[in-house]
Amino acid sequence: MLAHGAGGSVNANFGQVIEAMSGTRTLVGMNYPGSGATPEGAGLLDLGVLADSLVGAAVDAGFETFPILGLSLGTAVAVSAAARHPNRVSGLLLTVGFARVDQQLRLVVDTWTALAASGDRQALAGYLVSLSSPAVLGSLDRAAADAAVTMTQDNYPNGGVNQARLAASVDTLDVCRELALPTVVFVGGQDRIVLPESTRQLAAAIPGATVIEYPDAGHIFTPDEAAAWIDDIGEFLRARDL
C-alpha cells in the first residue's frame with residue numbers, strides 16, 4: 001500500500017516506485033481528498049479516516065495483509081493504520097516522516113497556508129520549490145528554477161493546503177511506542193520541510209525500527225536518490241519476507 005504526502009498524490013510521490021516495482025509486486029494507492037482525481041469534498045481529512053480508507057482499499061483489492069510505504073504525512077497515515085488494524089498491516093516503510101510536528105514543519109505550513117490564502121499560486125509554487133534540498137537548488141540556473149516553479153504550479157493539487165494543515169496537527173508518538181511490526185525509517189539528511197532529527201525521533205519511538213539515512217537528500221528525492229531508496233525498499237521487503 002502507498003500512502004502519499006501532503007500536497008502530493010500516489011503518482012507524484014511514488015511514480016518511480018511504481019515504474020520500478022510494478023512488475024514484481026502489486027502496488028495499491030489511494031489519493032486523499034483534494035489530490036489526484038479525488039475531489040476535495042470526498043471525505044474527511046482525518047488520520048483515522050484516511051488510515052481506515054487505506055486499509056479498506058487494500059482489502060477491496062483482495063489482500064488480507066500488506067506492508068505500507070508512507071511518505072511524509074503518509075507515514076502518520078501508515079502508523080495509524082498499523083495501530084488500528086494490527087492484523088492487516090504486516091510492515092511499515094516510513095519515508096521523511098515524523099511522529100510529532102516540529103517547528104520547521106509548523107512554519108512551513110503556516111507560510112504555505114498564508115500564500116494559498118493570498119491566491120498567488122506562482123508565489124506558492126516558488127516557495128515550495130525553495131524547500132528543495134541545497135544540492136537540487138544549487139544545480140539549477142534561473143531558467144531551470146523558473147521551469148520548476150511553473151511545473152509545481154501546474155501540478156499543485158487543490159487540496160494541498162488542507163492536507164498540509166493535517167500534517168501540522170500530527171502527534172502519533174504514543175501510538176508509535178505501542179507498535180510491534182517490522183519497520184524501516186528513511187531519513188533525508190537535508191530535509192527542509194521535516195527536520196531530519198524529527199524523522200530519527202520517529203524511528204526511535206518505534207520498537208526495533210531500522211534507520212536508513214540519505215545524507216544529501218531533501219524531502220523529495222531526486223531520481224538517483226529515489227533509485228537508492230527503491231533498492232532499500234526491496235531489500236527490506238525481501239529480508240522480512242513481506
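Which element gives the most to the lining of the second largest pocket? I began with this question, and I found that β2 gives the most, with 4 residues.

**Ground rules.** I am reading a predicted model, in which local features need pLDDT of at least 70, side-chain atom pairs count only at pLDDT 80 or more, and totals for chains, interfaces and linings use all residues. Residues are numbered from 1 along each chain as its sequence is written, and side-chain values use heavy atoms, with hydrogens and water left out.

**Second largest pocket.** I looked up its volume, which is about 290 Å³, and noted that 19 residues line this pocket, with M1, R25, T26, L27 and P67 the closest to its centre. A pocket here is an open set of points on a 1 Å grid over the protein atoms alone, where a 1.4 Å probe fits, with protein on both sides within 12 Å along at least five of seven lines; lining residues have an atom within 4 Å of a point. A volume is the space filled by probe spheres set on the points, which are joined across faces, edges and corners. I see that α1, β2 (66-71), β3 (89-95) and α11 each supply at least two lining residues; helices (H or I, at least four residues) and strands (E, at least two) are DSSP runs numbered from the N terminus. By class I read 15 nonpolar, 3 polar and 1 charged residues in this lining, where Ala, Val, Leu, Ile, Met, Phe, Trp, Tyr, Cys and Pro count as nonpolar, Asp, Glu, Lys and Arg as charged, and the others, Gly among them, as polar.

**Largest pocket.** I then turned to the largest pocket, which holds about 1,300 Å³ of space and is lined by 45 residues, with A12, N13, S132, T152 and I220 nearest its centre. The elements giving two or more residues to this lining include α1 (10-21), α7 (142-155) and α11 (223-239), and α1 gives the most, with 5 residues.

**Aromatic rings.** My search of the whole structure returned 5 aromatic pairs, a pair being rings of Phe, Tyr and Trp (its six-membered ring) with centres within 6.5 Å, counted as stacked under 30 degrees between planes, edge-to-face over 60 and tilted for the rest. Among them, F221 and W229 pair edge-to-face, at 5.4 Å centre to centre and 85° between the planes. Both F221 and W229 are buried, meaning under 20% relative accessible area with a 1.4 Å probe and protein chains only. I also recorded that F14, F186, Y214, F221 and W229 form one aromatic cluster.

Key
Buried means under 20% relative accessible area, exposed over 50%, partly exposed in between (1.4 Å probe, protein chains only).
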